[in-house]
Amino acid sequence: MSAESTPDAGIPGKTGTTGTTGTTGPRHRGAKGRRRKPRDGHSRAALAVVWTAAGVLVLGGTGIGYLYFKLNGNLKSVDINQALGTDRPLDVDNGSQDILVLGSDTRAGSNKKLGGGVDDGSARSDTAMVVHVYEGHKRASVVSIPRDTLVERPECTDAKGETHPAASYAMFNSAYSTGGAACAVKTVESMTGIRMDHYIEVDFAGFEKLINVLGGVPITTTKDIKDPDSHLDLKAGEHTLTGKQALGLVRTRHGVGDGSDLGRIQLQQAFIKALIEQVESVGIFSNPKKIYDLAESATDAVTTDSELKTVKDLASFANGLKGIGSKNMTMVTMPVQYDSADPNRVLVDEAKSKRVWAALKGDKPIPKSATKGTATGAAGGVVTAGA
C-alpha cells in the first residue's frame, strides 16, 4: 500500500485555524464521517536519541576508545551525497548546520512487536524534523514536518537505482516509502530550499532500549492520557516513563487532544525536552557501564549519512551539539492548515513556511509571527518535564 493511500487519523471535523491564506492542495471531499485507523509514529523522539548520543559519545571519545570497533559495528549509514549528486541547494558555509532527523516505522525484526502492524518488507517515515544548529552551536531551532502534509514530491532514485516520478499532492511520508532516505532528504530540500548537512534516522526498538538504559524519563501530565492503540494509560500527575511508556507517549494521537498528528507533535516535542533534561541531570558520566550501555543503545538505534558512519565521526558531530540544552532550543511545527476537504490531511501554509525557511537559511531565529494562526493540534501543555 502506498503512503498516499495509507489510512491515517485526522481531525474529526475540526477546523481550528484562522484562515487558509497561502495553502495549496486538492479539494476532494472524503466520505462523511469517515475515520481512519492511525499508524504508530515516533520521529520527533529521534531528536532525543540524537541528543543522548551526543552527550554519551562526546565522553566516549576519550573514555571508551577501545570499544570503538564494537560500536562502529552498530552504526548503519546511507550515502546521501552520492545518491543526490549536484542537484541540491547551495551548501552555505556560515557556521550553521542543518540536519534532517527522521524516524522509520519499519515493522521488520524487533520493531514489529513494538510498532504493531504487518511486516510488509517496507518502511515508512513518520513526521520528520529539520534541526538547525546556529553559528556558534549554542542554540538550535527544530521544525517538525507533519507526516500528513500534502506536498510536491520530486523525482527520486532509490537505493536499487530505480527512478520514481515526481508526484503532486503526495503525503510527505511517501517520500521515504518511495525512495528511502535519499528521497526524504531530496523532498525536504525541495520544500525548504535548504541543503541538509546530515541525515539521522532512529527506529522503535532502539528508542525503547535507550530510555530503559537511561532509567526512565520523569514527566508531569496535566490530563489523563489513555490510548489502547499505543498501549498507554497515564493518569494526570507525575510519572517516570519506562521505555515502553515513552514509546506509547510519542506514538499516541487519540489518547489526548483532537486526535491529530499535530497534537501528537506537541506531546513529542515536550517529551524531547524532558528527555534532554534527564540526560543532563542523571550524572551518567560517573558510571562507566551506563556510559557504554547508552553508547551501545544510541549507536544501535541510528542510521546516519555516510559522513557520520563511524563513532569518531559521530562523536565529532556530537561535540558540536553538547552546548545545546532544552532551554536554548526552539521547537515549532512547519506552518500548515487543516485541509477542509479532507480532515485527515494538512496543507502547507506557503507564505508562512517561506518565512520559517528563510529565517533558518539566514541563520536567524524563527519569528513568532511565522507560526501564529496556523494549525497546532490540541495537546499543548499536557506534558511537561520533571516529576
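Reply: In this predicted model, seven strands form an open sheet with mixed pairing, in the order 1-14-9-2-3-4-15. Its edges are held by strand 1 (76-78) and strand 15 (329-333); each has a single partner strand, so one side of each is left without a neighbour in the sheet. On average, and with direction ignored, neighbouring strands of this sheet are turned by 20° against each other.

Strand 9 runs parallel to strand 2 (residues 97-103), to which 5 bridges join it. Within this pairing, valine 101 has isoleucine 200 of strand 9 as its bridge partner. With strand 14 (residues 302-305), by contrast, strand 9 pairs in the antiparallel sense over 3 bridges. Here glutamate 201 stands opposite threonine 303 of strand 14.

Towards the edge formed by strand 15, strand 4 (residues 140-145) pairs with strand 15 in the parallel sense, over 5 bridges. Serine 141 has threonine 330 in strand 15 as its bridge partner.

Helix 8 (residues 261-281) lies across strand 3 (128-133), strand 4 and strand 15, and runs at about 165° to strand 15. A second sheet is also involved with this helix. That sheet is open and consists of 3 strands in the order 13-10-18, with antiparallel pairing. Strand 13 (237-241) and strand 18 (383-385) are its edge strands, each pairing on one side only. Its neighbouring strands are turned by 35° against each other on average, direction ignored. Helix 8 packs on this sheet and touches strand 10, strand 13 and strand 18, its direction making about 140° with that of strand 10. Strand 10 (residues 217-221) and strand 13 run antiparallel and are joined by 5 bridges; valine 217 stands opposite leucine 241 in strand 13.

Helix 8 has a helical neighbour as well. Its axis and that of helix 7 (residues 243-251) come within 7 Å and cross at roughly 140°. Helix 7 and helix 8 are therefore oblique to each other. Ala246, Leu249, Val250 and Arg251 of helix 7 make the contact with Arg264, Leu267, Gln268 and Phe271 of helix 8.

Another helix pair may be described in the same terms. Helix 6 (residues 204-214) packs with helix 9 (residues 288-301) at an angle of about 170°, and their axes are 9 Å apart. That angle makes helix 6 roughly antiparallel to helix 9. On the side of helix 6, the residues that meet helix 9 are Gly206, Phe207, Lys209, Leu210, Val213 and Leu214; helix 9 contributes Lys290, Asp293, Leu294, Ser297, Ala298 and Ala301. The contact of helix 6 with helix 9 comprises 7 nonpolar, 2 polar and 3 charged residues.

Serine 174 is placed in helix 5 (residues 174-192). Serine 174 counts as buried because its relative accessibility is 0%. Its side chain makes a polar contact of 2.9 Å with the side chain of arginine 153.

Note on methods:
Residues numbered from 1 in each chain as written. Predicted model: local features only at pLDDT ≥ 70, side-chain atom pairs only at ≥ 80, totals over all residues. Heavy atoms only, no water. Helix = DSSP H or I, 4+ residues; strand = E, 2+ residues; numbered from the N terminus. Buried < 20%, exposed > 50% of the residue type's maximum accessible area, 1.4 Å probe, protein only. Polar contact = N/O pair within 3.5 Å; in protein donor to acceptor, adjacent residues only side chain to side chain. Pairing = 2+ DSSP bridges. Axes fitted to C-alpha atoms, helices over the stretch in contact; angles between N-to-C directions. Contact = heavy atoms within 4.5 Å. Parallel < 35°, antiparallel > 145°, perpendicular 65-115°, else oblique. Nonpolar A, V, L, I, M, F, W, Y, C, P; charged D, E, K, R; others polar.
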